[in-house]
Amino acid sequence: MTKNYRVGLIVPSSNTTMETEIPAMLQSRMQIKPEETFTFHSARMRMMHVNPDELKKMDVDSDRCAVELSDARCDVLAYACLVAIMCQGPGYHQISEERLGKVTEVNGGAAPIVSSAGALIEGLETIGAKKVSIITPYMKPLTQTVIEYLNGAGIEVIDSISLEVADNLEVGRLDPENLIGHADRLNIEGADAVVLSACVQMPSLPAIQKVQDRLGLPVLSAGVATVYKILKELNLSTEVPNAGHLLSGKF
């Protein structure tokens, strides 16, 4: 018997990648589990430029988005903007997830809340990664915000590359194959894993498995970690073909 799960996505208005990569991963999973299907439902928070002021204003809209998606009685909601959470201060993903969960409950459509920020931390902890190297599309000050947030969660960032693309639409147009070359420039000595895209808008899925095979280290992204957490919240197996170590089905 086929069972369908409704996945709600809370995304920045200029984000084009999460509605591409999350469905791609979960639809690819249907090769293994054809009896488990997914539909995707989005609500948008206004944001065009990735800077602290716009991110903080955008985050206010997440409550409205959670209400709208709970009207559709989604089975899980994913807040798909990593840096919007991280720029609010250490541990904010827990505050956001709890608040949005209450919003859906009050609206009569209670659903577990996944944040990309919290999912990335949990994903790294799950594979035992205490030291990582990361690639972001952000300007260097925002990359530093990500580094400090991960450090505050007990994850040491030993190297980072900032691609310094401020326009969020342009981030979504970056070629994921270029990440292979960027990853070659990372210092991975002593790293337990590589975060190929510490941003849910920077496309990376086609390169995840290639870079993992090339470097011989676990490779994941904020998007991969979000899918892992979605599947965990739905109590489903976490195997997705060609999506890296975290989604190998071992965890």
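**Questions about a predicted model**

Author: Gly181 lies in helix α9 (residues 178-185). Helices are DSSP runs of H or I, at least four residues, numbered from the N terminus. This is a predicted model: local features need pLDDT of at least 70, side-chain atom pairs count only at pLDDT 80 or more, and totals for chains, interfaces and linings use all residues. Residues are numbered from 1 along each chain as its sequence is written, and side-chain values use heavy atoms, with hydrogens and water left out.

Reader: Why does Gly181 count as partly exposed?

Author: Buried means under 20% relative accessible area, exposed over 50%, and partly exposed in between (1.4 Å probe, protein chains only). Gly181 has 37% relative accessibility, so it is partly exposed.

Reader: Why are α1 and α11 called oblique to each other?

Author: The axes of α1 (residues 18-29) and α11 (residues 222-233) cross at roughly 50°. They come within 10 Å. Axes are lines fitted to C-alpha atoms over the stretch in contact, and angles run from 0 to 180 degrees between N-to-C directions. Under 35 degrees is roughly parallel, over 145 roughly antiparallel, 65 to 115 roughly perpendicular, and the rest oblique. The angle therefore makes the pair oblique.

Reader: Which residues of α1 and α11 meet?

Author: Contact means heavy atoms within 4.5 Å. In α1, Met18, Ile22, Met25, Leu26 and Arg29 take part. They meet Gly223, Val224, Thr226, Val227, Ile230 and Leu231 in α11.

Reader: What is Leu150 in contact with?

Author: Leaving aside neighbours within four places in sequence, Leu150 is in contact with Met86, Leu120, Ile121, Leu124, Ile155 and Val157.

Key
Helix = DSSP H or I, 4+ residues; strand = E, 2+ residues; numbered from the N terminus.
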